[in-house]
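Here are some notes for a colleague who is meeting this structure for the first time. Please read them with the chains in view.

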2 protein chains.
Amino acid sequence: MSLQDEIIALAVAARQAARHLVTMTGAARNAALYALADALDAQRAVVMQANAEDLAQAQRDGLAGPMLARLTLTEKKYAQMTEGVRAVAAQTDPVGETLAGYNRPNGLRIEKRRVPLGVVGIIFESRPNVTIDAAALCLKSGNACLLRGGKESIRTNAALAQIIGQALPQAGVPAAAVQVITTTDRAAVTAMATATGYIDLLIPRGGEGLIRAVTASATVPVIKHYRGVCHVYVDAGADLAMAERIAVSAKADGVSLCNTAECLLVHESVAATFLPRVAALLAERKVELRCDARALKYLPTATPATDSDWGAEFLDYIYAVKVVTSLTEAITHINTYSSQHTDAIITQDLAAAERFTTEVDSASVMVNTSTRFADGQEYGLGAEIGISTDKLHSRGPMGAADLCTYKWVVTGSGQIRV
Amino acid sequence: MSLQDEIIALAVAARQAARHLVTMTGAARNAALYALADALDAQRAVVMQANAEDLAQAQRDGLAGPMLARLTLTEKKYAQMTEGVRAVAAQTDPVGETLAGYNRPNGLRIEKRRVPLGVVGIIFESRPNVTIDAAALCLKSGNACLLRGGKESIRTNAALAQIIGQALPQAGVPAAAVQVITTTDRAAVTAMATATGYIDLLIPRGGEGLIRAVTASATVPVIKHYRGVCHVYVDAGADLAMAERIAVSAKADGVSLCNTAECLLVHESVAATFLPRVAALLAERKVELRCDARALKYLPTATPATDSDWGAEFLDYIYAVKVVTSLTEAITHINTYSSQHTDAIITQDLAAAERFTTEVDSASVMVNTSTRFADGQEYGLGAEIGISTDKLHSRGPMGAADLCTYKWVVTGSGQIRV
């Protein structure tokens with residue numbers, strides 16, 4: 001059997017499981033989630049041992065520090081992971097919600113009802129906790145899933161798969177509802193991406209390389225999160241004390257995250273006051289500024305920016321800084337260089353805020369708050385399956401409801417259309 | 001300039017226009033639609049002349065009858081087209097609707113607000129009225145569009161493009177908001193399908209060949225409508241008089257439409273009563289029945305079905321007929337052979353209706369009414385841009401709101417996240 005056929009066989013089994021999942025109540029799916037959390041608690045030692053073996057292998061393979069950090073399941077991360085499953089179980093059930101419902105003049109009752117997508121594929125890199133997060137969100141939303149983690153976490157994932165495979169069937173969920181693909185063959189990714197009709201949605205989670213590889217070959221629908229190149233624009237009408245606090249925090253309080261600000265835009269009319277003050281605060285936080293010619297007038301000792309600094313995702317203690325002469329210039333800069341993830345304006349001017357929120361074409365547009373709040377938990381969606389920088393289906397932080405589609409349920413009393 | 005570069009240049013101009021469209025009020029976009037309808041009325045003769053030339057060419061090229069019918073703009077079709085524009089103008093504005101809005105414990109106000117997608121590409125075949133329908137729906141929803149019709153309707157489309165190009169700028173809409181691609185080079189389709197980042201959504205409307213060609217090459221998001229293979233299931237608990245009326249109408253009152261029933265499933269317990277009666281009515285309507293072995297017991301003179309009849313989109317006076325021994329068998333048959341467009345159950349049994357609507361995985365699921373009602377107008381969505389058989393973004397009939405995405409607008413008072 002070819003790898004493609006193997007993946008399709010898994011997806012066919014997942015479809016069968018998905019057909020069963022739609023017949024289960026939300027309470028039954030939640031009970032399975034609590035059972036999974038309990039099983040994870042009970043078998044922590046087994047998983048930690050497998051993770052230690054993965055880590056030892058990774059060290060022998062000379063993996064880089066950040067990769068090792070992502071691969072490592074600490075006691076704290078493990079506890080967060082199991083608590084995360086319980087938190088997902090406690091969330092509102094997205095399945096079955098009536099999104100619209102009305103009667104038509106001919107007496108037909110039309111209902112647009114949220115239902116699971118069916119079979120969801122998740123492809124991720126070294127973080128083994130994604131295995132559990134993704135499984136929990138898919139089960140919550142009534143979907144079967146195929147999970148394909150990175151080869152570095154293969155032993156940890158296999159241990160987690162075994163726990164899932166025991167806990168779920170005991171709670172009445174078919175074993176094929178959550179299947180962990182443990183082959184390390186990279187062709188499995190392409191096989192998933194081309195399983196049209198078998199997989200309803202594919203979500204790649206990881207670096208840009210992975211996402212581009214999946215997207216290039218995909219014929220199944222993909223929702224992706226490419227990059228977070230977020231901007232903070234300090235408007236002429238800004239409260240400058242607030243602007244300082246937000247501009248500093250959005251960069252320095254979580255420097256390597258996708259919702260971190262990478263570029264600070266400052267209106268010319270406040271630049272002379274604002275820039276020296278914020279530069280001093282950022283210097284304390286060890287943030288390097290890369291300034292355009294106008295900003296350099298106020299910060300003559302800063303590094304000049306180059307063209308490649310606009311639109312760059314530094315994920316580091318580096319801030320591109322640009323002085324703009326108008327709100328229009330700020331909006332145009334953002335619509336040119338932003339990754340359409342999250343952009344913020346700081347202003348007390350209502351008209352400026354309205355123009356910014358209307359004209360900036362990004363998934364999240366913040367007014368007088370930090371880009372760092374772009375996050376499923378912060379938006380009250382519960383656990384997050386990812387943050388979409390696409391515009392179709394879901395945009396911005398995605399929760400369990402984003403793993404659903406809808407169907408139209410039309411109820412009549414014999415109506416025909418001639 | 002290569003064709004790919006030409007298409008991208010059009011898309012870049014469309015993006016600029018889209019940036020302007022988001023700043024226009026709904027009233028201003030509606031005024032432009034009314035102006036377009038008036039201009040179409042005023043210049044009907046010019047369009048009809050161009051259409052006559054397209055038709056003459058098509059006849060010289062020996063085009064088939066159905067293709068000629070689709071290409072022909074009759075006076076009635078023309079009037080429907082201009083009235084359609086006014087009807088779209090009169091619809092509720094989908095843009096700006098708050099889809100969710102709430103305050104978070106930290107005082108942040110979160111709003112999920114419907115906004116235009118940006119640049120929409122529509123690829124269609126010979127029906128020139130699609131040019132106007134699609135332009136109107138895109139403008140209504142605040143989107144710029146690139147419209148690529150079939151080569152058969154090139155003169156008609158050019159005439160329509162000229163009217164659009166005059167009417168819209170006079171009403172304050174940038175000319176690039178609606179661009180009609182008049183090259184007959186088929187490579188334009190591929191160029192559109194691969195214009196990642198330039199086109200936000202591509203909708204192919206036409207035959208399966210077109211849709212498959214677009215999907216195979218597409219790297220931009222595509223929403224497609226492949227096929228309508230719809231089922232009517234007559235349950236053990238059906239009101240048989242109602243079942244007869246629906247089963248006959250769903251096939252015979254519009255035989256070549258995507259929401260036409262292609263397969264009639266009948267529960268064994270009512271087959272002896274129902275099948276001879278419905279067969280007599282269908283015979284009057286010249287419908288050929290292709291029956292499975294169990295159905296042949298009750299209709300011994302009917303044609304035996306072959307395997308290829310299950311899941312076939314006949315678009316003709318042909319009905320596949322199968323007797324099932326249970327509701328489960330009916331659901332399994334539908335989930336195996338349906339194109340997930342629209343499937344109906346006829347029953348007075350509430351539990352059967354609930355199981356059917358829950359377990360049948362189709363965009364529209366009808367209870368005691370005809371599959372033929374699966375339609376944007378019938379669902380109260382106004383004019384329809386298509387019927388999606390996909391599950392992502394939009395499913396089933398798509399109106400102007402389906403040409404939108406959303407953005408998260410988050411308003412704070414200086415909150416930071418540390």
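Which residue in strand 16 of chain B does Met366(A) stand opposite?

1. The residue is Val410(B), which lies in strand 16 of chain B and has Met366(A) standing opposite. Please keep in mind while reading that this is a predicted model.

2. Taking the interface as a whole, 54 residues of chain A are in contact with 55 residues of chain B. On the chain B side, the elements that give two or more residues are helix 10 (240-252), helix 14 (350-359), strand 13 (364-369) and strand 16 (404-415). Strand 16 of chain B gives the most to this side, with eleven residues. Sorted by class, the side of chain B that touches chain A holds 22 nonpolar, 20 polar and 13 charged residues.

3. Chain A is divided into two domains, where domain 1 takes in 3-224 together with 394-411, and domain 2 takes in 230-373. The centres of these two domains of chain A, taken over C-alpha atoms, are separated by 36 Å.

4. A further point concerns Gln43(B), which is placed in the loop between helix 2 (26-42) and helix 3 (44-60) of chain B. Gln43(B) counts as partly exposed because it has 16 C-beta neighbours inside 10 Å. From Gln43(B) to Glu75(B) the separation is 32 residues in sequence and, C-alpha to C-alpha, 13 Å in space.

Terms used: Residues are numbered from 1 along each chain as its sequence is written. Chains are lettered from A and ligands numbered from 1 in the order in which they are written. This is a predicted model: local features need pLDDT of at least 70, side-chain atom pairs count only at pLDDT 80 or more; totals for chains, interfaces and linings use all residues. Domain bounds come from an automatic or database domain assignment. Helices (H or I, at least four residues) and strands (E, at least two) are DSSP runs, numbered from the N terminus. A residue is buried if 20 or more other C-beta atoms lie within 10 Å of its own, exposed if 12 or fewer, and partly exposed in between; C-beta atoms are placed from the backbone. Two residues are in contact if their C-beta atoms, placed from the backbone, lie within 7 Å. Ala, Val, Leu, Ile, Met, Phe, Trp, Tyr, Cys and Pro count as nonpolar, Asp, Glu, Lys and Arg as charged, and the others, Gly among them, as polar. Two strands pair if DSSP finds at least two bridges between them.
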